[in-house]
Amino acid sequence: MSQASSSAFNTQRNRYYNPVSRIQSLIQNLDAELITLCKQCSLPKNISNSNNQYDNIISHQAGSQLKHASLNNILAQARSAQGSNSTAGLAPDAHKRQLRNTYRTRVIDAYRNRRIFTVYGNYHTVRRALVRRGWLEKLPAGRHAKLQNMSEDSLLEHARRGNDYEAVVISKMINNFPSFFIWQSKAQRDLFPEVKPYRNRVRRSQFLDFSTKVGLVGCAEQERWFREDGVCGMSYPRFYRLGANSMEERAAFIEDYHQTQARCLLRFIKEHRPAELIDLENGTVMSITIDFALNKVKTMIRQKEHYSLDDARIKLPTPTEMIENQSFMVQSSKVLHSGAKFKINEKVMAEYARLAGQYLEQIESLRLDYRWDGCRNLWILKPGYQSRGIGIVIRSSLDDILQWTSNNQNRKYIVQKYIERPYLIYRTKFDIRQYMLLTISDTQVTIWTYRDCYLRFSSQEFTMDDLRESIHLTNNSVQKRYKNKVNRDARLPKNNMWSLDQFKCHLRHVGAPDGTWQKIYNGFKQNLVAVVLASLDETELVPNAFELYGCDFMIDEHFNPILIEINSTPDLSASTEVTARICPLVLKDCIRVVLDVPRNSLAATGLFERAFQVNYNVNKEVDGTRPLELNGTQMKLFDNLPKLRNSPRTRLLRKILNNVRATTSNKFGREKNKTASQTPAKVIVGKVGTKKLSQASSKMMSTSTKVALNSKAREHLALQYTAPK
């Protein structure tokens, strides 16, 4: 800004207005407005512009209470319209000048108080919440694009309080100021990082970005280091990154697939009566298939009970093991998918059923996620970096899974065990959308969970015989493409959504134990805390950053929550009556937590509650000259080393070693004297030379004598040779 324009701006801002003339102009404008309103209301007597007309109107209408009340309403309307009509009687240029000065004052005040915001997208609830708190909006380029192309004078002609013209004028005035609150998409570049605005994005590395499938897998691998009973713990189906073209992970998946097939066969035997599984005359499957499955599960139990790092290494199967696995897969598939019978008598099959139940109970007590498996060995394949159900397929054949991931390497597929035994409501699959808010301050990372949620149902009844997405994917973006099944249960909602109150009513109706919902909600919190803690090492801890996540959970048959995925840009539109109620409330409470709580720790947070808080301290020194400090005490292995009595063999070896050292030193001394007599002597002058000579002579003398070490020297040697390299 030039000096001339700056001085003109200061002159206009500091111009003195006479309050008497200002009041007179307001009264004149009110008179003009009253005349207009009276004409519209068809009053019998016109009102002039003089200041005494109010008394005349009141005296003329004193006889009628109804007319007097109508006049009071007119006066109230005139006073309410005072702000918009105060400059109606002024000249156009004066009117524009006055509006411009008023808006500039508001802009400068908003900048000084850090109350300028920018919202990308149709998040009108966020806009209204900020405007009610006195913030001014800096419009993005795509909002009111036609009005933003107009000149400032043209906008001022139509500007009124609260309309779009006023919003565009103010946005033009604050165009060169930074925004202190930014609501943006994940792909947008972070603007104005120097002022540390409130921004709805928390950045982290790709490997631990839990809002993607690949990042959630990385967090599941890391959460074991933060697991704590009752505080944090992740319940997540097992997974493998086959899209990364890793031979080690590919081999691990194939081994897991074979183990799952063995458990599927044992579960199938356990859940059926022995007479239904056998046929002594026409049976085609021998008992060796059951023996192979029992041995495989028994090996798994032994490995889980005595787990070591050696067990974590993937060992490729031998050719014999590969042949045995292939034969088992063929025979077990005949039983599970084709209804083949075992060629065994009923008594032996009953014993096999007993062993199958015993082994399954043992392995499921060690791995709780095995309880979610059924008898089909189904796996779900998801693209690593896509959402809304795009590209998701379900397969049961090992060859089909490997072929699909190989043909779609660019989509970074992960394969995840499909939950074959979920909790169903009226024979229909559902999931739960739960909201989580993550806020970062100067010294703390806080995890907030929302105490309200909603359920999303599938449009079709659940079955394992049909693998279409309309049955198994409950995303609203998927289900809105399908019509509800005609003969499904009438108690299910037509819009395929339930509120939390409806779900609680259902739990009471089916006789669920008391405190079931509280158990589910606590499981939500433990899962989300574990995920966030696992990702903190790769998270950019920027003050004032926050992010709202939509977290999807399923429930198993024992009412334990299972984390499916987390979305960084959840759908907050009013797609149904349920979302039309909960989504605006979530956004309003989000603004309360982000803006009100830092200014007042006792401010209301709505339905958000603080689930966990992490204190961190970042060294803010820029020069980095502060040295690294290491505090601690030396570890003492022994108070007094034990005196061990040497065996005769040890004494003999030590005597031989001393004789060898003495012989070598005498021989070396004779050779050195011989060479010294042949070469001219060198004179070493100075203290350093004498010191070196004395050190060498003392070293030569020490080789022929036996030195006894004291206790401190022995302890030092013990520490030196036992310390980790």
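## Packing of helices α12 and α16

Helix α12 (residues 247-271) packs against helix α16 (residues 319-338) at an angle of about 35°, and their axes are 10 Å apart. Axes here are lines fitted to C-alpha atoms, for helices over the stretch in contact, with angles running from 0 to 180 degrees between N-to-C directions. Helices (H or I, at least four residues) and strands (E, at least two) are DSSP runs, numbered from the N terminus. The crossing of α12 and α16 is left-handed, a term used if the near helix is turned anticlockwise from the far one by less than a right angle.

On the α12 side, the contact is made by Tyr 257, His 258, Gln 261, Ala 262, Cys 264, Leu 265 and Phe 268. Helix α16 contributes Asn 325, Phe 328, Met 329, Ser 332, Ser 333, Val 335 and Leu 336; contact means heavy atoms within 4.5 Å. By class, the contact of α12 with α16 has nine nonpolar residues, five polar and no charged ones. In this scheme Ala, Val, Leu, Ile, Met, Phe, Trp, Tyr, Cys and Pro count as nonpolar, Asp, Glu, Lys and Arg as charged, and the others, Gly among them, as polar.

## Basis of the model

This is a predicted model in which local features need pLDDT of at least 70 and side-chain atom pairs count only at pLDDT 80 or more, while totals for chains, interfaces and linings use all residues. Residues are numbered from 1 along each chain as its sequence is written, and side-chain values use heavy atoms, with hydrogens and water left out.

## The four-stranded sheet

An open sheet is formed by four strands in the order β5-β8-β6-β7, with antiparallel pairing. Two strands pair if DSSP finds at least two bridges between them. The edge strands, β5 (239-240) and β7 (393-395), each pair on one side only.

Strand β6 (residues 379-383) pairs with β7 in the antiparallel sense over three bridges. Within this pairing, Leu 381 stands opposite Val 393 in β7.

Strand β10 (residues 444-457) is largely enclosed by the rest of the structure, because twelve of its 14 residues are buried. Buried means under 20% relative accessible area, exposed means over 50%, and partly exposed lies in between (1.4 Å probe, protein chains only).

Strand β9 (residues 430-440) runs antiparallel to β10 and is joined to it by ten bridges. A hairpin links β9 to β10 through three residues, and Met 436 has Thr 449 in β10 as its bridge partner. Seven bridges join β10 to the antiparallel strand β14 (residues 608-615), where Phe 612 is the bridge partner of Ile 447. Strand β11 (residues 497-499) is also antiparallel to β10, with three bridges; there, Arg 456 is partnered by Met 497.

## Selected residues

Lys 96 lies in helix α6 (residues 92-112) and is buried, with a relative accessible area of 13%. Leaving aside its neighbours within four places in sequence, Lys 96 is in contact with Asp 153, Leu 156 and Glu 157. Pro 317 is found in the loop between α15 (309-312) and α16. Pro 317 is partly exposed, at 35% relative accessible area.

Cys 583 is buried at 1% relative accessible area, and Cys 590 is buried at 0%. A search of the whole structure finds zero disulfides, where a disulfide is a pair of cysteine sulfur atoms within 2.5 Å.
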